[in-house]
Amino acid sequence: MKRATMRDVALKAGVSEATVSRVLNGTGPVAQDKRRKVLDAANALRFSVSKSASSLASGRTMRIGVLVPFRINSWFNATVLDGLFAQGDARGYEIVPFIMRSEDDLTKFFEMLPVRGNVDAIIVLSFNLSAEHTQELTQLGMPCVGVDTPSGKEFNSSVGIDDIAAMHDVVHKLHDLGHTRIAYVGRSSGSRFTNTAAVREMGFIEAIADEGLQEQYCPVLYSGNEVSALVEQIQLLDKPLTALCVEDDDLAARIVRGLRSVNVRVPQELSVIGFDDDRIASVLELSTIHQDPRAMGERAVDLAVDLLDKKSAQVHEIMPTRIILRATTARL
């Protein structure tokens with residue numbers, strides 16, 4: 001059967017070849033109705049953008065796509081990407097990030113994927129795909145690896161940490177240090193592109209029950225970008241808290257500054273533990289839960305290549321975490 005050309009797609013869609021090129025290569029604005037016609041025509045004709053000559057022999061593009069949530073400059077995401085790029089280079093693959101700022105970005109990516117065919121595997125960073133999207137990847141024969149995803153089993157393989165176990169560990173440690181009035185502080189975003197925060201919150205709630213602590217004295221609190229309202233809320237509680245478990249180190253550092261600005265002594269009056277052990281934690285002597293996102297990125301590339309080479313079946317790997325107590329945590 002003769003391979004469809006860009007001209008064939010243009011004729012079927014009733015548009016110019018230039019319009020087809022802009023749609024399929026993402027090089028310029030195209031009206032939504034024309035864009036839809038081009039994609040429908042390309043799919044009907046089984047058209048895909050030609051791969052480079054260097055990849056034809058292997059049948060691969062030698063590229064791995066990475067779906068990254070909008071906070072690409074966060075310490076965690078940036079460090080995972082560092083590991084992805086390093087290991088991709090070592091394994092001979094180009095790493096191609098795709099920024100997912102909204103559900104629309106995700107929808108457009110999957111609309112274009114069958115006709116552009118420009119990656120061999122997909123790595124998803126810190127959020128889940130829908131069942132429809134994972135099924136589409138399966139139909140395309142494209143392995144998908146999750147990194148730090150709430151439910152890694154949705155993917156062919158995955159790598160991450162056990163957020164629930166980590167929260168159990170930190171609540172147990174605080175209780176062992178004499179703390180019985182402990183709060184979890186998370187961010188007030190409801191987007192599904194905000195990593196595994198909801199899992200950490202659930203782990204905290206479970207841990208409080210397992211430690212036999214009184215739920216009414218161990219609340220879940222939320223903070224936006226400005227922590228002043230949270231600090232005020234903490235000060236107005238009937239029973240003063242003695243410790244905070246915070247979703248990540250960036251938020252924890254701002255909360256420590258906010259508490260000290262109103263003369264709440266950390267850790268003498270209120271202990272604070274963050275999550276991640278990012279570069280700010282050691283500088284500020286912040287207690288935290290250590291994880292290694294660079295190693296996660298490196299391992300994700302290996303898992304994707306192993307799936308492509310059919311060297312392994314599904315692998316769902318849990319990396320270790322550990323508590324690091326520094327100057328923001330004290331025994332009661």
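**Group meeting: a walk through the model**

Hi everyone. The protein chain exposes about 15800 Å², and carbon and sulfur atoms supply 49% of it; accessible areas here come from the Shrake-Rupley method with a 1.4 Å probe. Before we go on, this is a predicted model, where local features need pLDDT of at least 70, side-chain atom pairs count only at pLDDT 80 or more, and totals for chains, interfaces and linings use all residues. Residues are numbered from 1 along each chain as its sequence is written, and side-chain values use heavy atoms, with hydrogens and water left out.

The C-alpha trace spans about 75 × 40 × 35 Å along its principal axes. In the chain we find 13 helices and 12 strands, taken as DSSP runs (helices H or I, at least four residues; strands E, at least two) and numbered from the N terminus. Of the 332 residues, 49% are buried, meaning under 20% relative accessible area with a 1.4 Å probe, protein chains only.

Now, a helix pair. The axes of α1 (residues 6-13) and α3 (residues 32-44) come within 9 Å and cross at roughly 125°. That makes α1 oblique to α3, since angles under 35 degrees count as roughly parallel, over 145 as roughly antiparallel, 65 to 115 as roughly perpendicular and the rest as oblique. From α1, the contact (heavy atoms within 4.5 Å) uses V9, K12 and A13, and from α3 it uses K37, V38, A41, A42 and A44.

Last stop: H133, which sits in helix α7 (residues 131-139). H133 is buried, at a relative accessible area of 14%. Leaving aside residues up to four places away in sequence, H133 touches L106 and F110. Thanks, everyone!

Conventions:
Buried means under 20% relative accessible area, exposed over 50%, partly exposed in between (1.4 Å probe, protein chains only). Axes are lines fitted to C-alpha atoms, for helices over the stretch in contact, and angles run from 0 to 180 degrees between N-to-C directions.
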